[in-house]
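Welcome, and please bring the model up in your viewer. We will go from one selection to the next, with a short note on what to look for at each stop.

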Amino acid sequence: MIPLVTIFERLQARHGPRHWWPAENPFEVCAGAILTQNTNWGNVEKALANLKAAGRLSPEGISSLPPDQLAALIRSAGYFNAKARSLQEFAGFLLQTAQGDLARLFAGDWQLLRQQLLSVRGIGPETADSMLLYAGQQPSFVVDAYTRRIFSRLGLVDPTISYELLRTFCMERLPPEVPLYNEFHALLVEHGKQHCRPCPRCGDCCLADCCAFSLSAPLSA
DNA sequence: GGCCAGGACACCA
DNA sequence: TGGTGTCATGGC
């Protein structure tokens, strides 16, 4: 079994630093985490730009907007009715729990906060962990479809493994370091989006030992 | 025109 | 606990 740190190093060598999360402030990270659910990031950027232009990219701005108007602003992100509701649920939670102050929200026990976030309608495990890691700088590993696909292709886990089990698998094998978690997830997304194909020789992910030699080769090779 | 993209939830067995 | 349907736009 390839150590996760080795996979991380190969991803790093292949793709370089990813500089995640692409946002101007922690609240934008949280809004983006909701908007990007099962959606291309390019569509999310348009929705975020609309919210900014309307002066609504804040807990108060989102909370005070009629649902249909909020849905219209985030239309490009898809599932706009559901996501408008989720954004308002999160904004309400943030206002009620921490007076709209994310620094205050993340100041306490983050594992307790994770449970609270999971109780907010529209925030599932990946969204909660993205908020904790990228907005709150807490060592909560983010798992997504790419993580499951790549790790199962490498033979590390079963492809049907649950979110929580895969997250635990990762966190038990990595030191709880925010910069490492940040970069690892971002690299897995990048690898999954553009480059991860079954190896023509071994059938594994191209990060496998079989193909590790080729990591320095051009991406088109 | 079909497929996929940085999921979550309700409902059912 | 796990499987399935639904939510929906935009790029390729």
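**First stop: a glycine in a helix**

Select G61: with 16 other C-beta atoms within 10 Å, G61 is partly exposed. That class covers residues between buried (20 or more other C-beta atoms within 10 Å of their own) and exposed (12 or fewer), with C-beta atoms placed from the backbone. G61 sits in helix α4, residues 59-63. Helices here are DSSP runs of H or I with at least four residues, strands are runs of E with at least two, and both are numbered from the N terminus.

Now show the contacts of G61. Leaving aside neighbours within four places in sequence, G61 touches G55 and R56; a contact means C-beta atoms, placed from the backbone, within 7 Å.

A word on the model before moving on: it is predicted, so local features need pLDDT of at least 70, side-chain atom pairs count only at pLDDT 80 or more, and totals for chains, interfaces and linings use all residues. Residues are numbered from 1 along each chain as its sequence is written, while chains are lettered from A and ligands numbered from 1 in the order in which they are written.

**Second stop: two helices crossing**

Select α2 (residues 26-35) and α6 (residues 80-98). Their axes come within 9 Å and cross at roughly 145°. The axes are lines fitted to C-alpha atoms, for helices over the stretch in contact, and angles run from 0 to 180 degrees between N-to-C directions. Which residues in α2 and α6 meet? On the α2 side they are C30, A31, I34 and L35, and on the α6 side K83, S86, L87 and F90. The contact has six nonpolar residues, one polar and one charged. In this scheme Ala, Val, Leu, Ile, Met, Phe, Trp, Tyr, Cys and Pro are nonpolar, Asp, Glu, Lys and Arg are charged, and the others, Gly among them, are polar.

Show DNA strand C next. By class, the surface near DNA strand C has three nonpolar, ten polar and one charged residues.

Switch to DNA strand B, which has 23 residues around it, with Q37, N38, G124, E126 and T127 the nearest. Colour α9 (125-135) and α12 (178-195), as each supplies at least two residues of this surface. The largest share, four residues, comes from α9. The classes near DNA strand B are nine nonpolar, ten polar and four charged.

Select Q115 in helix α8, residues 110-118. Is Q115 buried or exposed? Q115 counts as exposed because it has 10 C-beta neighbours inside 10 Å. Between Q115 and A128, 13 residues apart in sequence, the C-alpha to C-alpha distance is 8.8 Å.

**Last stop: the domains**

Colour chain A by domain: domain 1 is 4-19 + 142-216 and domain 2 is 26-135, with bounds from an automatic or database domain assignment. Their contact takes eight residues from domain 1 and six residues from domain 2. On the domain 1 side, α11 (163-171) and α12 each give two or more residues, and α12 has the largest share, three residues.

Technical notes: Contact = placed C-beta atoms within 7 Å. Near = placed C-beta within 6 Å.
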